[in-house]
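Please look over the chain below before reading the comments.

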Amino acid sequence: MGTFTYPIEVISADGSRSETVDATVDTGSTYTCLPSDLLGRLGVAPRRRIQSELADGSIVEDAVGEARVRVEGIETTTIVVFVDEAAPTLLGAYTLEGALLVVDPVRQRLAPTHALRYARRQR
């Protein structure tokens, strides 16, 4: 088992171009973390700042925004954290859930799943 990386295509704000990065699949990370310079080149703007707890328990404040990404051929809008070049690029749980993908850690791949909802509409 262990960690593995997966390619994510990040699409520009106007949809005219994209860049692909390899990200560590991290279901322990709420949001996908991408380099600030990459997001800036693609016209993705920070919307607000949030606090995040790191694995060592420390709290940091980061800028977040919304970006279009493509993972396993599935395009979705997701929340992204702007991180510096020294920070790891991470594919977080929010993006995976939005793309309806689950992690298969044994085969080190992402697999499609289906959405969940509470109940069927009553007639």
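This is a predicted model: local features need pLDDT of at least 70, side-chain atom pairs count only at pLDDT 80 or more; totals for chains, interfaces and linings use all residues.

1. Residues are numbered from 1 along each chain as its sequence is written, and side-chain values use heavy atoms, with hydrogens and water left out.

2. Two helices and nine strands make up the secondary structure of the protein chain (DSSP runs numbered from the N terminus: helices are H or I of at least four residues, strands E of at least two). Their order along the sequence is β-β-β-α-β-β-β-β-α-β-β.

3. The C-alpha trace spans about 50 × 35 × 25 Å along its principal axes. Buried residues (under 20% relative accessible area, 1.4 Å probe, protein chains only) are 37% of the 123 residues.

4. Strand β3 (residues 32-35) is covered on both faces: T32 and L34 are buried on one side, C33 and P35 on the other. β3 pairs with strand β6 (residues 74-83) in the parallel sense, over four bridges (pairing requires at least two DSSP bridges). In this pair, T32 stands opposite V80 of β6.

5. T89 lies in the loop between β6 and β7 (90-91). Is T89 buried or exposed? T89 is buried, because its relative accessible area is 17%. Leaving aside residues up to four places away in sequence, T89 touches V21, D22, A23, T24, C33, L34 and P35 (contact means heavy atoms within 4.5 Å).

Conventions:
Buried means under 20% relative accessible area, exposed over 50%, partly exposed in between (1.4 Å probe, protein chains only).
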